[in-house]
Structure formats: C-alpha cells, structure tokens
Amino acid sequence: MNPSHKTYDTIIVGAGIAGLTSAAYLASAGRTVLLVEKNKECGGLVNTLVRDGFRFDAGVRALLDAGIVFPMLKELGLRLEVVKSPVSLGIEKDILHIEDESGLAEYGALLRRLYPESPEDIRAVLAIIRRIMKDMDVLYGIENPMFKDVKRDLPFVFKTLLPWLPKFLFTVRKINRMNGPVEYYLEAAVKNSSLRDIISQHFFRNTPAFFALSYFSLYLDYVYPKGGMGKLAEALVQKTKDSGGDIRTEVKIIEVAAGRRLVKDQNGGEYAYDNLVWAADLKTFHRLVDTKGLPSRVRDAFERKKSEMLGRRGGDSVYTLFLEIDEPLETFKAISNGHFFYTPSKRGLGRVHREELDRLLHHWDEVDRGRILAWMDDFTKFNTYEISIPGLKDPDSVPPGQTGLIVSFLAEYDLFDKALKSGWVDEFNAELEARVLNVLGDSVYPMLKDKEIRRFSFSPLDIERRIGSSEGAITGWSFQDPVPVINKIQKAARSVLTPIPSIYQAGQWAYSPAGVPMSILTGKIATDKILKKKRRSSGNARKTA
Ligand SMILES: Cc1cc2nc3c(=O)[nH]c(=O)nc-3n(C[C@H](O)[C@H](O)[C@H](O)COP(=O)(O)OP(=O)(O)OC[C@H]3O[C@@H](n4cnc5c(N)ncnc54)[C@H](O)[C@@H]3O)c2cc1C
C-alpha cells in the first residue's frame, strides 16, 4: 500500500492527453487525484523531444480545435500560445499552399493538371469534399457544450446551442451514411485508380469515408503551440499540480484489483481509489483486471467485454523519420508550408501494393529478403508522406541555419514485428530510412543528399513500446467492424462506461475514430460522470442523515 494508506477519490492511469484532461478537471474540482504514468514524461502521443538543439514532435504535429481544445483550455483558465500552421499539398513537382477555402478550387486545378484524362472523376471528388466541408462547419461550428456551463450560460443555450442542435442531428444522420471505408466509397465515384490512391492513401485502411474526406476542411484549422506540441501536455500537468493533484511518473500499473479498488505498480506499490479512469490501452486494461470480489453479474459482463476486446486489433500505425539538416529554414520555406503532404509520384500505391504486402506477410518465412526490399522500393516511391517542419512554425525549434524535418507515413505493425522476430529489424529499419531519404532527395528535397547531420526513426514497435499502444496504433482501434467501443458521436457520453461501475475508460481507445479532440472529450466526459456521481451520493447521504 502507498505510505499514507490514502484512498484517492480518483486514480487515473495514463498521462496522455485524455488522462491529463481528466486529472486537471478533477483536481480543480477539489477531488483527491492521483495520475500515474509509466514513462518519465507526461503527454503520451502529445509530446515534444529535444535532440542536438532540434525540437521534434514525437507524436501529433499540429492541433485541431474541433470546438473542443480551446474551450477546454479556456474553461481551465489555461493559456497556450499558438500560431497558425498552414498546410501544403504536393504531387511530383506541383505544390499547392492552402490558405483558405479557395484552396479547394486550386486543388481541383492541380488534379486536372496531373490527371487531364479524368475531369469527371475530379469534379465528383471536389463535390464530395465541398459537401463535407459544409457538414464540418455545422459539426464544429460551435464550442462543444461539454465545456460550457450550460446551466449558467443561458445566452449560449438559447442563441447558439438550441438553434444548432437540429442542424447537428441532421448532419450526424448524413455522416452516419458515410461510415463505410473511404477506399470503397471513392471506388463508386472515381474510376481512375491512381487518383483514388492519391486522395486516400494517407488514411488508414477502412477509415470511415466522412472522417477521411473531412480532412481538407481540417487543413484550414491547424494550429501549432509555440515551443512544440508538448506545451499542451505541460499546461495540463501544471494545472493538475497547481490544483493539488498528485502526478507520479515512472509508475507502471501491472494489476487492477477491481474488487478491492486497488491498482498495483511494478515496484509492489498499491494505490486505493473510489473511482478509476483508465486512459491507456484497453487491451492491456482487460488483461490486468482481477475481478475477484466483484458481483457475478459484473464479472460476467466484464468477461464478455474482455473477450470482445482481446479479439480485436489496434488501428494502423506510422513510421516516422526524424532528420537534422544543415540547411537554413529559408530553403524549405521556398518549397512548402510547415505541414506538408507530399506524394513523389502521381501513380499511387495501388491495390497491387496492398495485395503484395498481404502475400509477403502471409509467406514471410518462405520469401527472401530481396523480394521484401523490392516491395519496399515501390512502397517508398509511390507513397504519400506527411512532413512536418517545426522550424517553419516556430523558428526557435532549430539551431540557427539548420532545419529539422519529421517525415512520416502509414506503416503496418505486422511487417516490423515479423522483421523483429526473424532477427533483422535494425537492418530493415535502416533500409527503409535510406529509401525514404533517396526518394525525397530525388524529388522535392535534393539538399537531403549531402546536408544530413543525423537521423533517427520510430517504428510501430517503438510506439507500442513507448506508450503501450497495442499494435502501435495511434488512434485506437482498427476500423475493421465490429469496433468494440462506441463510434457514434450522439452516443459519445456512454463511451467512457465499463462493466465495472467504479471504473471509467477515456482516450483514443474509448471512442472510435479518435485523435486529440476525442481523447480530450472522453477525458472530460469521464470526469463529469465522476463528479455527478459524487454529487448524487453526497446528496443521498445528506437525505439519509
Ligand atoms: C505521428 C502521429 C500523428 C498524429 N496525428 C494526429 C492528428 O493529426 N490529429 C489527431 O487528432 N490525432 C493525431 N494523432 C493521434 C493522437 O496523438 C492520439 O490519438 C492522442 O494523443 C491519444 O491520446 P490518449 O491520451 O488517448 O493516449 P496516449 O497518448 O496513448 O496516452 C496513454 C498514456 O498511458 C501511458 N500508459 C500506458 N500503459 C500504462 C500503464 N500500464 N501504467 C501507467 N501508464 C501507462 C502511456 O505511457 C501514455 O503516456 C497522431 C499520432 C501520431 C503518433
């Protein structure tokens, strides 16, 4: 037991953005809170690291408000200095800088230059994106009511919330009709397979069409915290501490004794709670729970959920290459904005690539390394890269005269896992890094060839190791049906419930599809449920007294 034998009102496991949100709110409401994090630093996938004087965002590279992030900061009285983070889109030599909504027409013109044979397809794609942009205006059009004091803010309720609600419900109905995989959705509208790939290949397999195609709208809203993404996590850490919350890092929870309301750490420490918020990987949670002492009805419900969860996969992962380059920011500024989606070849990866990958994974032990490397050649040549240049958003992120690049692309966890198990993962990573550098050096960044100072990379295995995310997933569950958590926005309030009444779940594993705003929202929903429960039980106690 911990030295004080103290029972916390709430223990939160996982100091990612969801756990931090929950901790900051509960602590500022005066609850006794313990936030435990297995790593040395808080933030999870919202994190900035410094190497050789270069600041790199290890996870998410920009913030989307989504009517959630800034209302949360405002409600907690936190200030986060942000700058706009405009996006560029490039295919081969054609690069477009998106400044406002007129960017969509320019995107259409870019596609027409590259695919002059497919004007009808391009028209169809633009019409879909335009429709979705209107829906997004409704969806994120107001500050999320979860972060408003609706009982007191009557002008907000009558002038904003009530007029918005019918539009919201109508839009949600439309969105639910676009829940199928983007690949198949586009197949119906776009005949040119290269064009289809270019639009969809930087989204996870089976990403719901609405989620994927809404991204054009989101590009207009990206912002970047001065000092790096980690500043968002730092602000919440500070708020939690200032409000009396207890944060312990390098504490890894290895057992949840649910019947006794205790969690146990790797060093034999035990911590007692009235409520637990699990804000980390849910497969891990279900493996760690000991149901002894719980009523049999709760135990059975938990076991059913557990077998459902353990049978599902984490979503797709990413591979990230971090580059320190001895070339000034101005050179890169002349090419793109600080957030850049770049595809070196208009051909696209195509189905053949996916099918070949599935074949390789299936017959891994029989295929020779040469064939795997040949696959890697095409994978790097025809892929789409998300490139972040922190120095173009905040010049203090780099040493004078130099530039840091963060280059990432979707990556299949199983591929790295197989390379690890067959004993050549380091070589595999080195081959991949070299190819990415070559492809970018031969296309958009010729200076990479002889100006590189240092490089390092994170594979899906590193993500799994660092934050304990099953299959290295970065937004929770795979989109393969059935998803074992709530995935309808109108039901989001229930996403935090588990079969065990004193335990709540929050973060990217609690709602699908997730990301920073949904992780924050679920952290807040879990908090509200705990505060409400507490109020209700003290009300009952008063009545009894
Ligand atoms: C490259 C990249 C790009 C991304 N881009 C975007 C984007 O554009 N937009 C967007 O919205 N999202 C994006 N995301 C996803 C987003 O970062 C995550 O979905 C979000 O940060 C998840 O937050 P979380 O709090 O739910 O979980 P996490 O960040 O995973 O936090 C979980 C925490 O729990 C800790 N933990 C795990 N197990 C234990 C244990 N047993 N005991 C104690 N602690 C434990 C972990 O160490 C971690 O700190 C991106 C992610 C990456 C990696």
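Reader: What makes Ser85 count as buried in this model?

Author: This is a predicted model, and in it Ser85 has 23 other C-beta atoms within 10 Å. The cut-off for buried is 20 or more, so Ser85 is buried.

Reader: Where is Ser85 found, and which residues is Ser85 in contact with beyond its neighbours in sequence?

Author: Ser85 is in the loop between strand S5 (82-84) and strand S6 (87-91). Leaving aside neighbours within four places in sequence, its contacts are Ala62, Tyr222, Val223, Tyr224, Gly338, His339 and Lys393. Asn337 is 252 residues away in sequence, yet its C-alpha lies 7.8 Å from that of Ser85.

Reader: How do you know where the ligand lies relative to domain 1 and domain 3?

Author: Look at who gives residues to the shell. Domain 1 (7-61 + 229-313 + 478-544) and domain 3 (316-471) both do, so the ligand lies between them. In all, 38 residues surround the ligand, and the closest are Gly14, Gly16, Gly44, Gly507 and Gly515. Helix H1 (17-28), strand S2 (33-37), strand S14 (317-325) and helix H21 (516-544) each supply at least two shell residues.

Reader: How many of the shell residues are nonpolar, polar and charged?

Author: The shell has 18 nonpolar, 16 polar and four charged residues. Gly counts as polar in this scheme.

Reader: Why are the buried residues of helix H20 said to be on the same side?

Author: The buried residues of H20 (residues 460-467) are Pro460, Leu461, Ile463, Glu464 and Ile467. They cover an arc of only 165 degrees around the axis, and that puts them on the same side of H20. As a rule, an α-helix has 3.6 residues a turn, so residues three or four places apart point the same way.

Reader: What do the buried residues of H20 pack against, and what follows H20?

Author: They pack against S14, strand S17 (403-411), helix H17 (413-421) and strand S18 (452-458). After H20 comes Gly468, with a positive phi near 75 degrees.

Reader: Which residues touch the most other members of the largest nonpolar core?

Author: Of its 143 residues, those are Ile11, Val13, Leu20, Leu63 and Val407. H1 gives the most to this core, with eight residues. Take Val13: not counting residues up to four places away in sequence, Val13 touches Val36, Ile253, Val263, Trp278, Ala279 and Ala280.

Conventions
Residues numbered from 1 in each chain as written. Predicted model: local features only at pLDDT ≥ 70, side-chain atom pairs only at ≥ 80, totals over all residues. Near = placed C-beta within 6 Å. Helix = DSSP H or I, 4+ residues; strand = E, 2+ residues; numbered from the N terminus. Domains from an automatic or database assignment. Buried ≥ 20, exposed ≤ 12 C-beta atoms within 10 Å, placed from the backbone. Arc of directions from axis to C-beta. Contact = placed C-beta atoms within 7 Å. Core = buried A, V, L, I, M, F, W, Y, C linked by C-beta atoms within 7 Å.
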